[in-house]
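Here is a short report on charged side chains and how they pair. Look at the model first, then read on.

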Amino acid sequence: MTDQSKEVSKFLKSQFLDGIDLQLTQNMLGQLSDFDTMIFVAQKSHKSDMTRILAEDAAEREMYEDWEGSFQAYERLLDSRLSNEDEGGNIPAQKGLLRSLLKLGRLDSVLNQAYGMSKQGLSETTDICNELLPSAVEAAWRLGKWSVLDKLVNESSGETAFDADARYQLEFGRTLRNLHSGSTADVVTSLTAARDSVM
């Protein structure tokens, strides 16, 4: 490694580049005819920003309703080589992956993934973590797996931690479970709760 490469590497590792427009830096280096440094900065910034780039790609594909593309982008984002080591760092990507699978109709995969992702952080439990529970509930009722649905909606306690969308999915799942079991009084209660969650 040349002295210039060492200095550029040191510069890139410093906090100085946080918030700097790397495209502007590339243009400046091009104007200075410093092509070696320009290429080195591009390679280093690309490696450090890979997670951000994949997250943006997944969100964009999801926005355009390219569910297969968003599923693949979330899978790449969750790749063990890119995932955050801190616990909970992958929750948005995990939720995105499950949303994509739901839209693709791969319902068994949603349940399998939700259980598998939950076991990564909590090996002593068989419960699905709260963040992934709404997608698992939707998959269970769409599959008609009533015993699984019953277990999942009974797991969901402390629903104040859920956002409105998640509360709606859980209450709608409860409503369908109550309809299936023939409990009309509980159907009205859970339907009212589902309505209240979106209001």
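Buried means under 20% relative accessible area, exposed means over 50%, and partly exposed lies in between (1.4 Å probe, protein chains only). This is a predicted model: local features need pLDDT of at least 70, side-chain atom pairs count only at pLDDT 80 or more, and totals for chains, interfaces and linings use all residues. Residues are numbered from 1 along each chain as its sequence is written, and side-chain values use heavy atoms, leaving out hydrogens and water.

Side chains of opposite charge can pair when their charged atoms come close. A salt bridge here is a side-chain nitrogen of Lys or Arg within 4 Å of a carboxyl oxygen of Asp or Glu. The count by this rule is nine.

| Pair | N to O distance |
|---|---|
| Arg 61 and Asp 57 | 3.0 Å |
| Asp 108 and Lys 145 | 3.1 Å |
| Asp 150 and Arg 177 | 2.9 Å |

Helices are DSSP runs (H or I, at least four residues), numbered from the N terminus. Asp 150 lies in helix α9 and Arg 177 in helix α10, so this pair ties together parts 27 residues apart in sequence. Asp 150 is partly exposed, at 32% relative accessibility. Arg 177 is buried, at 16%.

Arg 61 and Asp 57 share helix α4 (residues 50–63). They sit four residues apart, about one turn of the helix. Arg 61 is partly exposed, with a relative accessible area of 31%. Both residues belong to a network of salt bridges that also links Asp 66 and Arg 76.

Conventions: Helix = DSSP H or I, 4+ residues; strand = E, 2+ residues; numbered from the N terminus.
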